[in-house]
Amino acid sequence: MNGLMMQQPLLISSLLVHAERHHGAQEIVSRRTEGDLHRYTFRELARRARRMAKAIQALGVGQGDRVATLAWNGYRHLELYYAVSGSGAVLHTLNPRLHPDQLGWIVANAEDRVLCFDQTFLPLVEKVAPLLKSVQHVVLLCDRTHMPARCSIPNLLCYEDLIDAHSDDYAWPQLDENLASSLCYTSGTTGNPKGVLYSHRSTVLHTYASALPDALNLSSRDTVLPVVPMFHVNAWGLPYAACMVGAKVVFPGAQLDGASLHELFESERVTVSAGVPTVWQGLLTHVEAHGLNFSTMRRTVIGGSACSPAMIRSFEEQYRVQVLHAWGMTELSPLGTVCILQPKHAELPVDAQLQVQAKQGQSLFGIDMKIVDAHGQELPWDGQASGELLVRGHWVAQSYFRGEGGDPLVDGWFPTGDVSTIDADGYMQITDRAKDVIKSGGEWIGSIDIENIAMACPGVAMAACIGVKHPKWDERPLLVVVPKPGAQLGKAEVLGFLSGKIAKWWTPDDVVFVDAIPLGATGKMLKHKLRESFKDYLMPAA
Ligand code: ADP
């Protein structure tokens, strides 16, 4: 017997319809590439998104066609999020920090038909233009007065002209919820980028789960500032979640330095934010150097790479900002786990609480996970056994765009390439990426653990631990450290700080100091580049 309830498809457009009807007056504030602060409401967002939906259809974009964006976090980008997916086309967010050849390759692979970009990226688009064979229309996200007098792109369209040419008399189509809605390529830190094709259904379910109290805990009382770019796994779903809950949104545009972010946090009374650790490092350095604080910020989501206990301590003890340590990946839309302390943890000493918060946390409803050994046998949840993390759920990729790389699943589970433990309470902790694990004398050394401890050493701004070839042990750990400005830091201080906090045989054989650690397009440390730089490094004799 079937239930007797309505069947309504889970559509991205329904998030916007809800925001317009129920939170119409809620504000969206954007720092624009034009240099000013733009303000409008969900009501205006919805109207302009409908006009844009008509405009892209008038350009000949049909169901399933890909529309690419090269844009910062801002209201026009948000309009495209809804206009493109809502009308049945596929929104393809491109990462402008990729190498131009890689961008060209991705656009060709996706067969994007339209490319919309922010002014900042005009030189980049001019450079890659010869590679954009599939692209029929190129749209600059600005008004007529900001269009360039001269540029090498033929028939460059103006976004505001397209909006002006259409009315908002448009009804969102009632699509099949399983249709593709958006496309993101993995950032390629592990090989050629592969396209992950989300559906309306997977996106809406991810949105529901991400907003829950034990996840990002979002509500209409929040003001959300996504620092994580809308070109990095849909800004972790925040552009959708904000509409679902009716939260005020503040977009930082291109200015992601500590000073600009802090100013916006304060002036717009931001309560929650999200970004990768390297961005927060910049913000904390600024706030510390200028003796500032956060008067309205209540929590921040930190993920994309491991957040060290030292950073969590700074945010929570010095600034009273709760850290939500989260784990995810492009293939998971991206959220998989979030770390929130349970009441029983309140009794633990602060250091022990920080050890729990350094974990990536518990699964959201809708994601199941397990860890397996080299033979695929499931390992116990005892917080000790570590193995490859596998996941499955409503918003996990089952294959890549165009079948790239074959069938990735193992018995219906997606292998994440991460190595982790899971404790008896279900808190998962990433110890490494499989390819970053250091293999020493037949045993594994978890580089993240060492980095987390090194980050707490006074004078250390950033630390990466990599495996370097060793004649006897196969590999030994080398710690690469970026000192804080002005810090007088030597190898003995760093090793002394690690001493007693990790197993003796995990202790790095050497410490090298560098000005910077190479970061990838999404702000993560590029350990393969570091390994390449130090491949001939000779460890000092023990
Ligand atoms: P790519 O795989 O191309 O780097 P993603 O942005 O999808 O692109 O990265 C996902 C990976 O980032 C995860 O598989 C994991 O290795 C890492 N990651 C994400 N969040 C965390 C976290 N909180 N702690 C440690 N690693 C993380």
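**Reading the model**

Modeller: Let us start with a helix: α7 (residues 200-211) has twelve residues and reaches 17 Å from its first C-alpha to its last, close to the 16 Å expected at 1.5 Å a residue. The expected span is 1.5 Å times one less than the number of residues. Helices (H or I, at least four residues) and strands (E, at least two) are DSSP runs, numbered from the N terminus. This is a predicted model, in which local features need pLDDT of at least 70 and side-chain atom pairs count only at pLDDT 80 or more, while totals for chains, interfaces and linings use all residues. Residues are numbered from 1 along each chain as its sequence is written, and side-chain values use heavy atoms, with hydrogens and water left out.

Biologist: How many residues of α7 are buried?

Modeller: Buried means under 20% relative accessible area, exposed over 50%, and partly exposed in between (1.4 Å probe, protein chains only). Ten of the twelve residues of α7 are buried, so the helix is largely enclosed by the rest of the structure. Among them are His200, Val204, Leu205, His206 and Ala211.

Biologist: In what order do the strands of the open sheet lie?

Modeller: Two strands pair if DSSP finds at least two bridges between them. Here four strands form an open sheet in the order β17-β18-β19-β20, with antiparallel pairing. Its edge strands, β17 (367-372) and β20 (428-433), each pair on one side only. From one strand to the next, the twist averages 50 degrees; axes are lines fitted to C-alpha atoms, for helices over the stretch in contact, and angles run from 0 to 180 degrees between N-to-C directions. Within this sheet, β18 (residues 387-393) and β19 (residues 414-422) are joined by four bridges. Glycine 387 has serine 420 in β19 as its bridge partner.

Biologist: Which residues come nearest to the ligand?

Modeller: A residue is near a molecule or strand if one of its heavy atoms lies within 4 Å of it. Of the 19 residues around the ligand, Ser187, Thr330, Asp418, Arg433 and Lys524 come nearest. A polar side-chain atom of aspartate 418 is 2.6 Å from an oxygen atom of the ligand, and a polar side-chain atom of lysine 524 also lies 2.6 Å from a ligand oxygen atom. A polar backbone atom of alanine 306 is 3.2 Å from a nitrogen atom of the ligand.

Biologist: Is the peptide bond from serine 333 to proline 334 cis or trans?

Modeller: That bond is cis, with omega near 5 degrees. Proline 334 is placed in the loop between β14 (322-328) and β15 (335-339).

Biologist: Where does asparagine 155 lie?

Modeller: Asparagine 155 is in the loop between β6 (137-140) and β7 (157-158). Although not a glycine, asparagine 155 has a positive phi of about 55 degrees, and asparagine 155 is exposed, with a relative accessible area of 69%. Arginine 402, in the loop between β18 and β19, has a positive phi of about 60 degrees although it is not a glycine. At 44% relative accessibility, arginine 402 counts as partly exposed.

Key: A polar contact is a pair of N or O atoms within 3.5 Å; within protein, one must be able to donate a hydrogen and the other to accept it, and residues adjacent in sequence count only if both atoms are side-chain atoms.
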